[in-house]
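Subject: Structure handover

Hello,

Here is the structure I promised to pass on. My notes on its sheet and helices follow below.

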Amino acid sequence: MLDFNFCSPTYFAFGKKTEEKVGELTKKFGGTKVLIHYGQGSVERSGLLNNVRKSLQQSEIEFVELGGVKPNPRASLVYEGIELCRKENVDFILGIGGGSAIDSAKAIAVGVPYDGDFWDLYEQRPEIDQVIPVGTIITLAATGSEASNSSVITQEKGWKKYGFSSELIRPVFSIMNPELTYSLPPYQTACGIVDMLSHILERYFSNTEEVDLTDRMSEAVMKSIIENAFTVMNNPQDYGARANLMWAGTLAHNNILGVGKEQDWSSHQLEHELSALYDVAHGAGLAVVLPAYMKFTMPKHVMRYVQLANRVWNLDINFDNPQETASKGIAAFETFFQMIGMPTTFAELGAKEEDIPQLTAKVRIKGGGDILGFFEPLTRDDISSIYRLCL
Ligand code: NZQ
Ligand code: ZN
């Protein structure tokens, strides 16, 4: 196990009607003038936005509003939010909705005190020392942005989808009412399920040894996600299943399942290019990329995949042919994604074979190098081969 620092500073208010506490919590965390930032209407339709307004008014907290965040949130709205916050002297940002609204809220939060173009931060990823605090109310169990240190924004100029990370952008509080996810279309629920599984797998695909505790915790969370996924697909209003999925999404990405090990985020990097080029949902893109990534990397990491197959899918180990067990485990993930209505091929996603050279060239590699990831270091040719396995 590697040395690590772990700090998950977010205060969680979890359960029914917890959104009614938003005024009280905002006050507790020092907000006096709030920007309520949200997406394209789901929070209006569900009544959440009105409840938030009421709660802030009851706590005598002033607020301004900016809606319109699109899935794969755009830089243009972040610029608008930064300007609005500066004009209105906003000192607290409340992101309400899915990961996109929350990521956009985080981008505004770093952009307001930054003396320059906020996009520089996403391009160059410098350390920052100032941020406006962010609180969240999540309505989609998926990204873990409610506790994560990252934000992913799409810059329309050049259609680049880049992430920025800083410990300072972990939300100070997150309100999590599983009932707020009842209204999700099945497709979005499924996208969220794939995303949270992928956040665990990207950490699980590691060569670091002696991480048995983290492995077993990861396997338990994955099993729980899969079981509860079937329940919510059959009954979207099953409170218990929605609650378990919601908390799983947070644990999948607050890094408790990633500490002490080298992590591999290659599938996410490959997916971000799909979202940037075709504007597809992040989880749907991952459902296509992940099985391909697993097939490509399995031959050199057979026993890792055998462990995954055995412990998550309860598959018996074929000691004479461990590769067979590993492949069955990968097939189980692929079948699961299909069963919950996710695409698993480029064609189903609307991606095109002829775009593979462009996608491959655009994949962002940390430090501008030529090798992506740690688990199985990938060259550009390897990346291209993985995209080809998605066909
Ligand atoms: O815009 P509205 O009207 O709110 O509708 C949204 C949107 O159309 C809808 N929705 C959300 N909650 C709903 C609902 N519809 C009905 N009922 C509800 N309760 O769902 C659609 C998708 O929302 P979005 O926020 O885009 O989805 P998600 O939460 O999956 O977020 C995806 C974004 O987060 C990024 C992704 O790349 C993508 O841009 N990620 C952020 C991460 C982070 N900050 O840590 C990590 C992830 O790996 C990911 O990259
Ligand atoms: Zn993700």
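Helix H5 (residues 99-111) lies across E2, E4 and E5, running at about 165° to E4. Contact here means heavy atoms within 4.5 Å, and angles run from 0 to 180 degrees between N-to-C directions, with axes fitted to C-alpha atoms, for helices over the stretch in contact. Helices (H or I, at least four residues) and strands (E, at least two) are DSSP runs, numbered from the N terminus.

This is a predicted model, in which local features need pLDDT of at least 70 and side-chain atom pairs count only at pLDDT 80 or more, while totals for chains, interfaces and linings use all residues. Residues are numbered from 1 along each chain as its sequence is written, chains are lettered from A and ligands numbered from 1 in the order in which they are written, and side-chain values use heavy atoms, with hydrogens and water left out.

Helix H3 (residues 48-58) lies across E2 (33-38), E3, E4 (92-97) and E5, at about 175° to E2.

The open sheet has six strands in the order E1-E8-E5-E4-E2-E3, with parallel pairing (a pair needs at least two DSSP bridges). E1 (11-14) and E3 (62-66) are at the edges with a single partner strand each, so one side of each has no neighbour in the sheet. E5 (residues 134-138) and E8 (residues 173-176) pair over four bridges; Gly135 has Phe173 in E8 as its bridge partner.

Elsewhere, the axes of H8 (residues 212-234) and H13 (residues 322-339) come within 11 Å and cross at roughly 30°. That makes H8 roughly parallel to H13 (angles under 35 degrees).

Regards

Conventions
Parallel < 35°, antiparallel > 145°, perpendicular 65-115°, else oblique.
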